[in-house]
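I set down here what I looked up in this structure, entry by entry. Terms are given with their cut-offs where they come in.

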Amino acid sequence: MKKINLQEVKDFIRGASKEDINEISDQLNSIIKERREKTKSQFSVGDIVRIIHTRCNPDREFIIVKINRRNIKVTGKDNLYENYTVSPNFLKKV
């Protein structure tokens, strides 16, 4: 299988038909959903996690309180009034 670089992919998408773009979009959405589900399955309610994001202190610990279809709700370990709804991709188990 020939390896193509990102610029070649971008050029292909620019010249693609509407049907091709819709199919590419469907494939990307499917891959994103699979990866989110795989990541989300690693967590369970009560787990202690850290949020890996530029706006959040990476040393702060949170407890998972609810796992939704797309996101996970966490609350501060030492401040129960600090709540966030986060994509599983931004969480890391402690």
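I counted a salt bridge where a side-chain nitrogen of Lys or Arg lies within 4 Å of a carboxyl oxygen of Asp or Glu. The model is a predicted one, and I required pLDDT of at least 70 for local features and pLDDT 80 or more for side-chain atom pairs, while totals for chains, interfaces and linings use all residues. Residues are numbered from 1 along each chain as its sequence is written, and side-chain values use heavy atoms, with hydrogens and water left out.

**Entry 1: salt bridges**

I noted that side chains of opposite charge can pair when their charged atoms come close. My count by the rule above came to seven salt bridges. I took helices (H or I, at least four residues) and strands (E, at least two) as DSSP runs, numbered from the N terminus. For accessibility I used relative accessible area: buried under 20%, exposed over 50%, partly exposed in between (1.4 Å probe, protein chains only).

I looked up Asp-11 and found a salt bridge with Arg-14, where the closest N and O atoms are 3.1 Å apart. Both residues belong to helix H1 (residues 6-15); they are three residues apart, and about one helical turn separates them. Asp-11 is partly exposed at 42% relative accessibility, whereas Arg-14 is exposed at 62%.

I then turned to Lys-93, which forms a salt bridge with Asp-47; the closest N and O atoms are 3.5 Å apart. Lys-93 lies in strand S5 and Asp-47 in the loop between helix H2 (18-40) and S1, so this pair ties together parts that are 46 residues apart in sequence. I read Lys-93 as partly exposed, with a relative accessible area of 43%, and Asp-47 as buried, with 15%.

The next salt bridge I examined joins Arg-60 and Glu-82, with the closest N and O atoms 2.7 Å apart. Arg-60 lies in the loop between S1 and S2, and Glu-82 in the loop between strand S3 (72-76) and S4, so parts that are 22 residues apart in sequence are tied together. Arg-60 is partly exposed, its relative accessible area being 23%; Glu-82 is buried, with 17%.

I also recorded a network of salt bridges that links Arg-50, Glu-61 and Lys-77.

**Entry 2: the sheet**

I called two strands paired if DSSP finds at least two bridges between them. In what order do the five strands stand in the open sheet? I read the order as S4-S3-S2-S1-S5, with antiparallel pairing. Strand S4 (83-86) and strand S5 (91-93) stand at the edges with a single partner strand each, so one side of each has no neighbour in the sheet. From one strand to the next the twist averages 45°; for such angles, axes are lines fitted to C-alpha atoms, for helices over the stretch in contact, and angles run from 0 to 180 degrees between N-to-C directions.

I went through the pairings in turn. Strand S1 (residues 48-51) and S5 are antiparallel over three bridges, and Arg-50 has Lys-92 of S5 as its bridge partner. S2 and S3 pair over five bridges, Ile-64 stands opposite Val-74 in S3, and the two strands form a hairpin with four residues between them. S3 and S4 pair over four bridges and form a hairpin with six residues between them. I found four of the five residues of S3 buried, so this strand is largely enclosed by the rest of the structure.

**Entry 3: Asn-83**

I looked up Asn-83 in strand S4; its residue is the bridge partner of Thr-75. A polar contact of 2.9 Å also joins the side chains of Asn-83 and Thr-75. By polar contact I mean a pair of N or O atoms within 3.5 Å; within protein, one must be able to donate a hydrogen and the other to accept it, and residues adjacent in sequence count only if both atoms are side-chain atoms. Leaving aside neighbours within four places in sequence, I found Asn-83 in contact (heavy atoms within 4.5 Å) with Val-74 and Thr-75.
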